[in-house]
Amino acid sequence: MPPFSDTDYAHMARALKLAARGRYSAHPNPMVGCVIVKGDTNVGEGWHERAGEPHAEVNALAAAGSEAKGATVYVTLEPCAHHGKTPPCSQALIDAGIGKVIAAMQDPHPEVAGRGLKTLGAAGIATDVGLMRSAAETLNAGYLARVTRNRPFVRVKIAASLDGAIAMKSGESQWITGAEARHDVQRQRARSGAIMTGIGTVLADDPSLNVRLEELTPCDSQPLRVVLDSQLRMPLTARMLSLPGETLVCCAGGHDDSRLEGAGAEVHAYGAAGAQVDTRKVLEDLARRGVNDVLVEAGPGLTGHLLMQDLVDELVIYQAPHIMGSETRGMFHTPSWQSLADRKVLEISDVRRIGGDTRITARVQN
């Protein structure tokens, strides 16, 4: 990797900031930002706003106009080299007469995977890659998980007390955290392609699992609601079935799905009759559907199962400053863990106040 200057870092940091503007609208495509610089002047910038619409490079070129000729492009992901819903960005950069392209990272998608940079190089455009790679990878962790691991990035959201309780023994849990934290959860939902829960949570709480902030749901889109329900106990009166958006009920084989399909749900079997739902197969199917990020909002049974199966990538824990005592339910049910050697190591990536609560974001070291 070549040495980059402080100016290079500043321009790529701007491109990353632009890319993040697509957090709630770009998926299933990656978030991409682009800055075009001539001399020391930013002459054009853009980001990928929505799937099917122009990519970041095209928007930046439109802003730069004739100033793009001979300029340097800073882009957070390798420009594409194939025809998808839009023409290839590498050709647009060539046609504009760009002098150099600096990409934060290569695109691992099989249709790109270095071909964009090779196309640029063959046209005589200098290219460098690797500037602020880690930040770019973190930004698009969901897209990278789908493309390279054939499953979405799984993020588990938990609201808990300071002593780790998510509910009283009776099941009472509303509300552990404050209004600001609940508002922040809407943002976690909006950045996700799917929200997953278990049938136990549906029967106990009848959740909506939708985004209830209009500014976060462009074009009236809603994340796919996913319910793990091996025995198809989902009631026809479940609130989510009457809401905009789609609901996928995941069961084991051998069940009559006509009742729920008649109520508007999609029902699919992931596993043999009498078995539990195969969560790995569910996640693989979600990846095929173009889901980059899954937000899990569930009880300790499902969250514990996912953790034991090494299927959790990140925890987002909203911790309220109170003690709920011993007659409570914990965050995870992990009966197979019997010694300290079974514990999961976490890397805390962010801690911040959300109203009166604390939001802890931690990567699971699988």
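This is a predicted model: local features need pLDDT of at least 70, side-chain atom pairs count only at pLDDT 80 or more; totals for chains, interfaces and linings use all residues.
Biologist: Which residues of helix H2 are buried?
Modeller: Within residues 56-64, they are Ala56, Glu57, Ala60, Leu61 and Ala64.

Biologist: Why are the buried residues of H2 said to line one face of the helix?
Modeller: Viewed along the H2 axis, they fall within an arc of 130 degrees, so they lie on one face.

Biologist: What do the buried residues of H2 pack against?
Modeller: Their partners are strand S1 (33-38), strand S2 (41-47), strand S3 (72-75) and helix H3 (89-95).

Biologist: Why is lysine 157 called buried?
Modeller: The relative accessible area of lysine 157 is 16%, and the cut-off for buried is under 20%, so lysine 157 is classed as buried. This lysine 157 is part of strand S6 (residues 153-161).

Biologist: Which residues is lysine 157 in contact with, leaving aside neighbours within four places in sequence?
Modeller: Lysine 157 is in contact with Val185, Leu295, Val296, Glu297, Val316 and Tyr318.

Biologist: What makes aspartate 313 and arginine 149 a salt bridge?
Modeller: Their closest N and O atoms are 3.1 Å apart; the limit is within 4 Å, so the pair qualifies. Aspartate 313 lies in the loop between helix H11 (300-308) and strand S13 (314-320), while arginine 149 is in helix H6 (residues 141-149), so the bridge ties together parts 164 residues apart in sequence.

Biologist: How do you know whether aspartate 313 is buried or exposed?
Modeller: Aspartate 313 has 8% relative accessibility, and under 20% means buried, so aspartate 313 counts as buried. Arginine 149, with a relative accessible area of 39%, falls between the 20% and 50% cut-offs, so arginine 149 is partly exposed.

Biologist: What makes arginine 155 and glutamate 314 a salt bridge?
Modeller: The N to O distance is 2.7 Å, against a limit of 4 Å. Arginine 155 in strand S6 and glutamate 314 in strand S13 are 159 residues apart, and the pair links these distant parts of the chain. Arginine 155 is buried at 3% relative accessible area, and glutamate 314 is buried at 7%.

Biologist: Which residues are linked with Arg155 in a network of salt bridges?
Modeller: Asp293, Glu314 and Arg363 are linked with Arg155 in that network. The structure holds 19 salt bridges.

Biologist: How do you know that the charged end of arginine 21 sits over the ring of tryptophan 47?
Modeller: The charged end is 4.7 Å from the ring centre, and the distance limit is within 6 Å. The criterion also requires a position within 35 degrees of the ring normal, and the pair is classed as a charge over a ring. Arginine 182 likewise has its charged end over the ring of tryptophan 175, 4.5 Å from the centre.

Biologist: Why are strands S15 and S16 called paired?
Modeller: At least two bridges are required, and strand S15 (residues 346-354) and strand S16 (residues 357-364) have eight, so they count as paired, in the antiparallel sense. Arginine 353 stands opposite threonine 358 in S16.

Biologist: What lies between S15 and S16 in the hairpin?
Modeller: Two residues lie between them, and glycine 355 in the turn has a positive phi of about 65 degrees.

Key. Residues are numbered from 1 along each chain as its sequence is written. Side-chain values use heavy atoms; hydrogens and water are left out. Helices (H or I, at least four residues) and strands (E, at least two) are DSSP runs, numbered from the N terminus. Buried means under 20% relative accessible area, exposed over 50%, partly exposed in between (1.4 Å probe, protein chains only). The arc is that of the directions from the helix axis to the C-beta atoms. Contact means heavy atoms within 4.5 Å. A salt bridge is a side-chain nitrogen of Lys or Arg within 4 Å of a carboxyl oxygen of Asp or Glu.
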